[in-house]
Amino acid sequence: MKNFETTWKERISYGLSDTASNLVYQMITTYLMFFYTDVFGISAAAVGTLFLVARIIDAFDGPFFGILIDHTNTKWGKCRPYFLWLSIPYGVLAILAFTTPSFNASGKLIYAYVTYILLGIIYSGINIPITSILPSLTDNLEERNILVSTRMILATVGATIVSVGTLPLVKVFGNGNQQKGFMMTMTLFAVLAVILFLVTFFNTREKVNEAKDQSITLKEELKALKGNTPWFILFFVAFINFIAFIMKAQTTVYYLTYNLKMPNLISIALGLGSLNVVSLLIMPFLAKKIGKRNVMITGFTFSILAQFILYLSSLTSSAFIFLVGTVIAAFGNGFVMGAMFSMTADTVDYGEWKSGVRAQGLLSATPAFGVKAGMGIGGALAGWILSIGKYVPDHPQTLSALKAIEINFIWLPLIGFIISAVLLLFYNLDKQQEQMTKELNERRAKLSA
């Protein structure tokens with residue numbers, strides 16, 4: 001059985017897909033709630049409900065695209081075509097989501113629902129293939145770790161461009177008009193995202209199982225889930241982690257602006273998130289030593305520690321302590337995200353090993369579904385808690401509003417990180433990896449013969 005190797009051209013082209021994804025995703029997670037409440041003029045409670053409704057819809061579109069990928073057979077493969085087909089719709093909807101037509105209050109809310117929900121659907125369609133294509137690029141476990149690390153490093157590039165560049169670009173493009181500034185900034189990021197997705201499409205190839213890929217029924221696909229305990233654990237970890245992550249990300253601007261009264265730190269703090277590249281570089285080597293599960297638990301340990309340090313910064317009003325906590329959180333996030341997507345590819349192999357069915361589209365939808373479900377629940381909770389705390393946009397906040405921001409930024413994310421780490425203690429696939437890979441390779445060799 002071949003261990004398909006990848007060139008650096010392929011690795012970088014694969015990784016650029018997540019640069020493209022994050023040019024929009026980071027804008028949504030970091031700025032969309034602030035954009036809706038403080039720029040477009042929608043109430044925090046209405047925004048929270050919008051995020052929840054959108055994610056209920058995603059409960060269906062995520063698995064739908066996963067199944068659709070498993071039933072896709074083209075000359076380009078199963079996953080690659082979606083980078084070509086959906087890149088332009090993705091860019092257009094991203095621009096529309098940050099556009100502010102002159103509607104009344106009801107019209108604004110309807111417009112936000114339509115554009116945000118459609119963007120979420122297309123996000124599933126173009127983001128799930130980034131993960132589902134991984135098992136088809138190579139069957140070599142070390143190659144997969146390198147590919148995932150490359151992907152996450154380049155995802156960080158996209159996130160950093162947004163984190164550091166957004167507010168300065170809004171200021172330059174808007175010249176005092178935030179509505180125009182956000183729209184023009186998103187237009188720039190969207191055009192770049194379309195170009196990068198096309199680079200991924202033209203420079204990657206699906207190699208594993210290429211000769212015998214064929215459509216399978218939904219009933220057969222579901223066999224790959226039966227008894228796939230590692231998949232279920234990873235599903236819940238992704239879901240809970242992203243509730244925590246999104247609540248924190250979406251209230252960073254609020255926390256620095258109102259609780260610490262240090263809005264000048266926003267771009268710096270968000271830019272420090274790019275330091276997760278250090279842990280992403282280390283991840284493949286550390287995974288060989290202690291296993292991917294333990295790498296992920298290490299990441300959550302860093303994240304938990306960071307939350308306490310960030311809370312300490314509010315007690316001391318110390319910018320330095322806040323930035324230290326931000327750096328530690330970045331290291332933790334790098335380990336978590338790098339290990340998660342590599343482990344997802346392993347659960348595809350596990351499903352094939354146990355059931356004989358390779359449902360890479362359905363099973364690879366795990367992180368993407370977890371991301372979107374977490375975005376919805378986390379965004380809804382954050383919006384509702386702000387509303388309960390009587391948050392008023394662009395005004396000095398009451399003690400209840402400041403406490404609501406603190407709960408969103410410190411305490412609920414902390415609880416989510418702890419639960420995620422505990423769940424991972426029950427993930428045992430690392431111990432079976434060698435046997436699984438050996439038997440799968442023997443099975444595939446017989447099929448090829």
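Predicted model: local features only at pLDDT ≥ 70, side-chain atom pairs only at ≥ 80, totals over all residues.
Figure 1. Leaving aside residues up to four places away in sequence, Gly 389 touches Thr 398, Ser 400, Ala 401 and Ala 404. Look for Gly 389 in the loop between helix H15 (360-388) and H16. Is Gly 389 buried or exposed? Its relative accessibility is 4%, so Gly 389 counts as buried. The C-alpha atoms of Gly 389 and Ala 404 are 5.3 Å apart in space, while the two residues are 15 apart in sequence.

Figure 2. Lys 403 is partly exposed because its relative accessible area is 43%. Glu 406, with 11% relative accessibility, counts as buried.

**Figure 3. A nonpolar patch on the surface that includes Val 422.** Stay with helix H16, which covers residues 399-424 and holds Val 422. Which residues form the nonpolar patch on the surface? They are Ile 418, Val 422, Leu 425 and Phe 426, and together they have about 390 Å² of accessible area. Val 422 has 43% relative accessibility and so counts as partly exposed.

**Figure 4. The salt bridge between Glu 10 and Lys 207.** How many salt bridges does the structure hold? There are eight, and this view shows the one that joins Glu 10 to Lys 207, with 3.0 Å between the closest N and O atoms. Glu 10 sits in helix H1 (residues 8-40) and Lys 207 in the loop between helix H7 (178-203) and helix H8 (218-223), so the pair ties together parts that are 197 residues apart in sequence. Both Glu 10 and Lys 207 are buried.

**Figure 5. Arg 144 and Asp 346 in a network of salt bridges.** The side chains of Arg 144 and Asp 346 meet in a salt bridge, at 3.8 Å from N to O. This pair links distant parts of the chain: Arg 144 is in helix H6 (residues 141-174) and Asp 346 is in helix H14 (residues 319-355), 202 residues apart. Arg 144 and Asp 346 are both buried. Which residues are linked in the network? Lys 292 and Asp 349 join Arg 144 and Asp 346 there.

**Figure 6. Where domain 1 meets domain 2.** The domain assignment of the chain gives residues 12-206 as domain 1 and residues 216-439 as domain 2. Taken over C-alpha atoms, the centres of domain 1 and domain 2 are 18 Å apart. In this view, 55 residues of domain 1 are in contact with 64 residues of domain 2. The size of an interface is often given as the accessible area lost when the parts come together. Domain 1 and domain 2 bury about 4700 Å² between them, with 66% of that area on carbon and sulfur atoms. Met 33, Asp 70 and Asn 145 supply 12% of the area that domain 1 buries against domain 2, more than any other three residues.

**Figure 7. Salt bridges between domain 1 and domain 2.** Three salt bridges are counted between domain 1 and domain 2. For a close look at another charged pair, find Glu 142 and Lys 288, whose side chains form a salt bridge at 3.9 Å, N to O.

Methods. Residues numbered from 1 in each chain as written. Heavy atoms only, no water. Patch = residues over 30% accessible without salt bridge, like charges linked within 9 Å, V, L, I, M, F, W, Y side chains within 5 Å. Areas by Shrake-Rupley, 256 points an atom, 1.4 Å probe, with all protein chains shown as cover. Salt bridge = Lys/Arg side-chain N within 4 Å of Asp/Glu carboxyl O. Helix = DSSP H or I, 4+ residues; strand = E, 2+ residues; numbered from the N terminus. Buried < 20%, exposed > 50% of the residue type's maximum accessible area, 1.4 Å probe, protein only. Domains from an automatic or database assignment. Contact = heavy atoms within 4.5 Å. Buried area = accessible area lost by both parts, 1.4 Å probe.
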